[in-house]
Amino acid sequence: MWRKIRNIQTILFSTYTLIIIIVFTILVVWVYMWVSELIKNNATDSLVNIGQSMQDQIDSEIRKMNDVSLNVMYSNLVKNQFLEYLSDIEKQPHSSVPDVEQPATIPGASANSVQSAKELAEILTAAIGPSRAAEQLYLYDFKGKAYGNGFDNGERSYDPNSTPWFQAVMATQGKYITLPVEDAEMSKFISAREKQYSMSLFRQFYDNYNVPIGIVEVKQYYNRIFKSVLSFVKQSTYGESVLVYDNVGQIIYPLQADRSLYEPYIGQLAARQTSNESTYESFRNPVTGDKELLSHHYSEQTGWSTVVIVSEKKLLAPLSDFTRKTLLVAIGILLFAIVLSFIASKKITFPIYRILRTVRNIRLDDLGSGRIASQELNSGLNELDQLHEAFVNMSSRLRQSMDELLLSQSQEVQSKLIALQSQMNPHFLYNTLATIGVMAEENMNEQIVSMSENMSDILRYISSEESSVELRTELLYTRKYLEVNAIRHGQKLKFSFEVDDALERTCIPKLVIQPLVENSLKFATRREPPWNIRIVGVAEGNEWRVTVSDNGPGFSPESMEKLRNQIDETYLTNVTPVLQLGGMGLLNIFIRMRLTYGSDSVFLFGNSSTGGAEVTIGGRLAKGEQA
């Protein structure tokens, strides 16, 4: 799977695509971030400007009301005329009606009081001004008398103890602004059917000796004070809402608001109420869970905070629309660029595929033939055309090189097998001659004759040129070797052969079993007799195996580790180690089995459960030898 992915076309296509994606992504991200930041800044600036504009218009209306109150407060004419009016009222009988519209019609009123009332009304009308900065103006004394000018003209009575604003005004040195209240009297002068609300601004005013003489109330319609807010909410584009609250957290706008809905905003912005700077921040609405943007504006003049609340999702809707369009355009351009990269990579790799098919389908007989030379590439790419030409020239020389290489390799393997086999000859000869010498000293003439005959057969077998023999032949001469040693050791040596008949004609390397038996006998005789040698041959599936075991001391840990390291090194390097003459033994047999059977060779060694060494060799059966 991985090799299929790692082809030139895929690598080129992936590289081109990756470069395009990286460059295009960086460009698109940069443009998107720049434009999105611009859109977001414009949206937030617009939100802040709208909030500031509404705050300024509210302040403007309150400032007008405050100016009217200051005109009254600092006007000696108003104060003197009000004191004169109160003096005339006190002199007349208590038969007057409390609420009247024109003082001149008050029964029992003196001419002086009527004249004072008229002059006071003219002065208050001038204080309000032609622009109607306030809809209603009241002057209150501290004894329950009041005089109004505006829609409600004339004298009226009030109870200071039951009036909710009285104590608050008396405790305030400056202005005092009430919360919106439903005003039934002012509703009579408006043609609209809905109820009208008003707000009042109160101040104490003083005589020339700075002694409080009364309270001035400037009243204005709630809808006029919050005209800009009402207009903005009505025409809002993104569903914005507006919250206005005072410095103690009382909600002024909207009317009759559910405080639980706005309490999180007030709590969030409580620490910023004393700052006159506009602030802008994100807010997670705990009720809806939506992310919202808040534009907060604080007025030092009124102590009110104006908050414009809008859903971030709605406010940044143009940004979302821009994002969608950008993604669609980006995906389209990216797909087009990827198609171009695919075409480019295919144009480069197609000639390579043609060369690859030629190489993959080539046969040994085609090397050096005219069939390959007749195939022209004509890819349009000089490098690939030159590569194809070089391949054609190489194929003309490859056939000869391969023949020479195969011959060399065959000779090398054969030489190795003969060299390894030849290492066994002198070793066995030395041991046998030493045995005959010992027997001659003991005058064992008959045994020497028998041993010499067996020795002659064994030497004839060893000196033969063939490198492989049938298993029965190897076992025959192995038995002769054991019989030679049995002449010397007598009943001390016992051996047995347990080999499947089906394996007798199996071809194996010559001299691979006899050295195992010799090695077992060598180490077994280090213990007290009898010495048992057992040869077992079996067929397992499509493999043959022969095991040689003894009852000697077995392999020592050191010798096993050394042999295992030598075998592992051969597997790792795939290089046959050089064996000196006399460097025989198990490693010699392992190498010959490896050269003959390759990865199918079997070579196992260890100690049996009864103690003693046990070595197993084997290989794959030829097709004709399998059952």
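A residue is called buried when its relative accessible area is under 20%, exposed when that area is over 50%, and partly exposed in between (1.4 Å probe, protein chains only). With a relative accessible area of 74%, Q256 is therefore exposed. The model is predicted, so to speak of a local feature takes a pLDDT of at least 70, and side-chain atom pairs count only at pLDDT 80 or more, while totals for chains, interfaces and linings use all residues. Residues are numbered from 1 along each chain as its sequence is written, and side-chain values use heavy atoms, with hydrogens and water left out.

Back to Q256: its phi is positive, about 50°, although Q256 is not a glycine. Its place is in the loop between β9 and α9; helices (H or I, at least four residues) and strands (E, at least two) are DSSP runs, numbered from the N terminus. That loop, with β9 at 251–253 and α9 at 259–269, also holds P254. The peptide bond leading from Y253 to P254 is cis, with omega near 5°. For background, most residues other than glycine have a negative phi, and most peptide bonds are trans.

Each of these two features turns up again elsewhere. N210 is another residue other than glycine with a positive phi, here near 60°. N210 sits in the loop between β6 (197–206) and β7 (212–221), and because its relative accessibility is 57%, N210 counts as exposed. Another cis peptide bond joins P529 and P530, with omega about 5°. P530 belongs to the loop between α16 (514–524) and β16 (531–540).

Now for the inside of the protein. A nonpolar core is a set of buried Ala, Val, Leu, Ile, Met, Phe, Trp, Tyr and Cys residues joined through side-chain atoms within 4.5 Å. The largest one here has 53 residues, and L139, F226 and W304 have the most contacts inside it. Helix α2 (residues 8–73) gives this core its largest share, eleven residues. Domain 1 (75–90 + 110–224) and domain 2 (225–315) each supply at least three residues to this core; the domain bounds come from an automatic or database domain assignment. If its neighbours within four places in sequence are left aside, F226 is in contact (heavy atoms within 4.5 Å) with I58, M199, V244, I252, Y253 and W304. A second, separate core has 51 residues, including L471, L482, V484 and V546. As a general point, nonpolar side chains tend to be buried together in soluble globular proteins.

Aromatic rings come next. Rings of Phe, Tyr and Trp (its six-membered ring) pair if their centres lie within 6.5 Å; planes under 30 degrees apart count as stacked, over 60 as edge-to-face and the rest as tilted. The count by this rule is 20 aromatic pairs. W30 and W34 make a stacked pair, 6.4 Å centre to centre with 5° between the planes. Both lie in helix α2, four residues apart, or about one turn of the helix, and both W30 and W34 are exposed. F555 and F605, on the other hand, pair edge-to-face, at 6.0 Å centre to centre and 70° between the planes. This pair links distant parts of the chain, 50 residues apart: F555 is in the loop between β17 (543–550) and α17 (557–573), and F605 is in strand β18 (residues 602–607). F555 counts as buried because its relative accessibility is 15%, and F605, at 17%, is buried too. Finally, ring pairs join Y138, Y140, Y158, W165, F166 and F202 into a cluster.
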